[in-house]
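Reader: I have a structure open and I'd like to go through it with someone. Can we start with the ligand?

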Amino acid sequence: THFGYETVTESEKQQRVAGVFTSVAESYDKMNDLMSLGVHRLWKDHFVSSLNPGATTPIGQPQTILDVAGGTGDIAFRMQQHAQSYNSNPNVKIIVSDINPDMLAVGRQRSLALPATHQANLSFLEANAEVLPPKIEDNSLDLYTVSFGIRNFSNIPAALREAHRVLKPGGVFACLEFSKVDKYPLFNAFYKQWSFGAIPLIGQLVAGDRDSYQYLVESIERFPSQENFRDMIVDAGFEVAGKGYEDLTGGIAAIHRGIKP
Ligand code: SAM
């Protein structure tokens, strides 16, 4: 493809990604906290409250949400909490989907600690974002979320086209992903030191797995800039408002949103 993955074939990449997440599934949540110094929780909270799941007019209308690459459930659980507690909407169904059964198994296990009313509105689906299964029908979703997942996909344009296919007209594509700190050279220098120096080391010491975390750092480096990713979203048929993205923590992460016309 033309997005910087020339040296690896798609199936090689898919296998490598599967291996990474199988080996990190158990330590994944702890590692997120360590690597981001806890900041990923703030980004996720902001992502979910800005999407405001369950806010319908009239109040309490059903919504269907697909959380793609949902992993251990961080985004889906927050959306269910927001819909029920903040918007008092008990009718928001959320499908947590992921290509990796080990990540889903950790998510399913974690969901057992949630209130029964939350559990009842969550389901789990093993699925490749690039080829969603037919049970996710065309024009069927109100919201598609993907958080720290899309940079791992072998074929990002294919996943964006799938997102566009399954959303209803007016439905929202929302992505939280690592991005570029280019606008702040000094901060960027510190960030690069941290990510290339500390993260593989923490991976080695805490998870006993330097290679997987080295891969994660490199995948962040290869992912397109805010503007280029926005253009890919537009190419898939979405409309964006303004510049189409919001930087978090100077661009360490960014939220991109598109609406299906
Ligand atoms: N969304 C969660 C979060 O924010 O904490 C999990 C993110 S985790 C870093 C990335 C996830 O993407 C992994 O669970 C991995 O299995 C999944 N993934 C990678 N390639 C995928 C694909 N092609 N389709 C669906 N999920 C994929």
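Reader: How far is a backbone N or O atom of Ile 99 from a nitrogen atom of the ligand?

Author: The distance is 3.3 Å. Keep in mind that this is a predicted model.

Reader: Which atom of the ligand is 2.6 Å from an N or O atom in the side chain of Asp 98?

Author: An oxygen atom of the ligand. A nitrogen atom of the ligand, in turn, is 3.0 Å from a side-chain N or O atom of Asn 128.

Reader: Take Ser 147. Where does it lie?

Author: Ser 147 is in strand S4, which covers residues 141-147.

Reader: Is Ser 147 buried or exposed, and why?

Author: Ser 147 counts as buried, because its relative accessibility is 8% and the cut-off for buried is under 20%.

Reader: What does Ser 147 touch?

Author: Leaving aside residues up to four places away in sequence, Ser 147 touches Lys 44, Val 68, Ala 69, Ile 75 and Leu 176.

Reader: What lines the largest cavity?

Author: Its lining has 30 residues, and Phe 21, Ala 69, Asp 98, Gly 149 and Asn 152 lie nearest its centre. The elements that give two or more residues to this lining are helices H1 (10-24) and H4 (74-86) and strands S1 (63-68) and S2 (92-98).

Reader: Which element gives the most to that lining?

Author: H1 does, with four residues. By class, the lining of the largest cavity has 13 nonpolar, twelve polar and five charged residues.

Reader: And the second largest cavity, which residues line it?

Author: Among them are Ser 179, Lys 180, Val 181, Tyr 191, Phe 196 and Glu 221. Helices H8 (185-207) and H9 (210-222) are the elements that give two or more residues to this lining.

Reader: How many does H8 give?

Author: Five, and H8 gives the most to the lining of the second largest cavity.

Reader: What classes are in that lining?

Author: The lining of the second largest cavity has five nonpolar, three polar and three charged residues.

Key
Residues numbered from 1 in each chain as written. Predicted model: local features only at pLDDT ≥ 70, side-chain atom pairs only at ≥ 80, totals over all residues. Heavy atoms only, no water. Buried < 20%, exposed > 50% of the residue type's maximum accessible area, 1.4 Å probe, protein only. Contact = heavy atoms within 4.5 Å. 1 Å grid on protein atoms, 1.4 Å probe; cavity = no way out; pocket = protein on both sides within 12 Å on 5 of 7 lines; lining within 4 Å. Nonpolar A, V, L, I, M, F, W, Y, C, P; charged D, E, K, R; others polar. Polar contact = N/O pair within 3.5 Å; in protein donor to acceptor, adjacent residues only side chain to side chain.
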